[in-house]
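Here is a short report for a reader new to this structure. Please look at the sequence and the model before reading on.

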Amino acid sequence: METLYSIFPELIRIIVCAIGGAVIVFGNALVMGYAERKLAGHIMLRPGPMEVGFHGIIQLVVDGLKLMGKQLVVPAQADKPLFMLAPILAFAPVFVPLLVIPFSDKLQGFDLDIGLLVILAFASINVLAILIGGWGSNNKYSLFGAFRSVAQNVAYEIPMLISLLAIVFMTNTFSLREVAAAQSPVWFVVVQPLAFLIYIVAMVAETNRAPFDLPEAESELTAGFHTEYSGMSFSLFVLGEYANMFIVCSVATVFFLGGSSGIDLPYAEYTGVVWFLAKVYALMFFLIWIRWTYPRTRFDQLMNFCWKYLIPFSLVNLLITVVVVKLI
Amino acid sequence: MKSYFSVIFTGAWSLITGLKVTIKALFTPIVTVQYPREKLVITPNYRGHIDLIKFEDTGSHKCITCGSCQRECPSDCIVVEGEKREGVKGKVLTVFTLDFTKCSLCGACVEACPTNALDYSDEYELAGATREEFHYDILKRVEERE
């Protein structure tokens, strides 16, 4: 009985975290799906979804219901276990990083002292899911999409890690809460502008979005790794992609934009989440904005850009940071 | 080495220029017309099927039933009939129909009309399930018009 009393608050915490994570993943997908289509429309001087509800506001709910009602088609020659495993593997790991993100001073699932490593480790499972999906589909377009995705993600993870490492050297911690707390006078975007730029570029590439959306390049590979997927298994990939966008933008907010700091509202320990979400969605708006601005890069350009520009610059940035931190 | 850095700056500048173009487009009013609910104003040059003009002063059309349009029509799609009535000078129009399935919109009837009673309508929403829906009664249309 004694042990039950002692673990009871932790159980409540776990349940609340799980529900909160699910709310964030699905709510974020609804908001982002609508925002993406609406902004894409307005950038092309058309209205976007207009028919379902006021200005098409419940379009995404209707789309979700439609996708749930559709048949899950498994190609005859596909590797069935792998084919069914891939969407789950793309979707399930996105819940874990949400647990360690500090939405405000007190709104955080668990403050791990290896928080950043947990996020990066679980975010990179997405690559494995894409590879499994592309391989299991037994379709040459899917396989090409998966290959490209792996090459791209492996390449762009390096500058991403190195640019974050510069911040870690400055704050001497992997805990996201302590990194956010370390920027009370000035945000790290002012101190480390180059690292921020490199992180933003690598973040776009990591989430497989335009102009780095080679894994699903419509004009060459029909839909890339999810060509053969339909119904819910397709929408799990999409949900995973949007959740990954949310996670990388949250990391950018915590590491460069001061986390949940901002003008103090009442109950600042909790209402900091307003500032946090405002910063995250400003970054998300930027992601949508560049998606509808830039054409897709060629594959050799993509690789050249990473290996010849991003990695050398991030290494130089890290070196300078280390020297400065040592001297001060 | 010099080109390595110049590529960075020209590239970054072109990226910023691109972003400027799309953010401007984002705040430009949309040009889409949501068709069944919103409609564009038809240009006065539009050539729909023919219609009799309703004149303000007489409150009626000016057709004198001369049959010029019927004779001029290369596709034989106009039928004009009239009759003599007591106390009325000239003939009175009783039938004016257009078989729009055969009309080629050449406009010879409008050119031929001696009293300029004919004009092109601005009807463009033309869809029907049967052929007979395109046999227009032009006289009835001019009488029903406001």
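The buried residues of helix 3 of chain A pack against two partners, helix 6 (125-136) and helix 12 (231-256) of the chain. The model is a predicted one.

Which residues of helix 3 are buried? Helix 3 spans residues 80-91 of chain A, and its buried residues are A:Phe83, A:Ala86, A:Pro87, A:Ala90 and A:Phe91. Seen down the axis of helix 3 of chain A, these buried residues fall within an arc of 120 degrees, so they line one face of the helix.

Now take the contact with helix 12. On the side of helix 3 of chain A, the residues are A:Pro87, A:Ile88, A:Ala90 and A:Phe91. They meet A:Ser233, A:Leu236, A:Phe237, A:Leu239 and A:Gly240 in helix 12 of chain A. The axes of helix 3 and helix 12 of chain A are 8 Å apart, and the packing angle is about 25 degrees. That makes helix 3 of chain A roughly parallel to helix 12 of chain A, because angles under 35 degrees count as such. The crossing of these two helices of chain A is left-handed.

Next, chain A as a whole. How many helices and strands does chain A have? It has 14 helices and zero strands. The radius of gyration of chain A is 21 Å, close to the 20 Å that the globule rule gives for 328 residues, so chain A is as compact as a globular protein of that length. Its C-alpha atoms fill a box of roughly 60 × 60 × 45 Å along the principal axes. Of the 328 residues in chain A, 40% are buried. Among contacts in chain A with a separation of 6 or more, 78% join residues 24 or more positions apart.

Last, two backbone details. Most residues other than glycine have a negative phi. A:Leu45 has a positive phi although it is not a glycine. B:Leu105 also has a positive phi and is not a glycine.

Methods: Residues numbered from 1 in each chain as written. Chains lettered and ligands numbered in written order. Predicted model: local features only at pLDDT ≥ 70, side-chain atom pairs only at ≥ 80, totals over all residues. Helix = DSSP H or I, 4+ residues; strand = E, 2+ residues; numbered from the N terminus. Rg over C-alpha atoms; globule rule 2.2 N^0.38 Å. Buried ≥ 20, exposed ≤ 12 C-beta atoms within 10 Å, placed from the backbone. Contact = placed C-beta atoms within 7 Å. Arc of directions from axis to C-beta. Axes fitted to C-alpha atoms, helices over the stretch in contact; angles between N-to-C directions. Parallel < 35°, antiparallel > 145°, perpendicular 65-115°, else oblique. Left-handed = near helix turned anticlockwise from the far one by under 90°.
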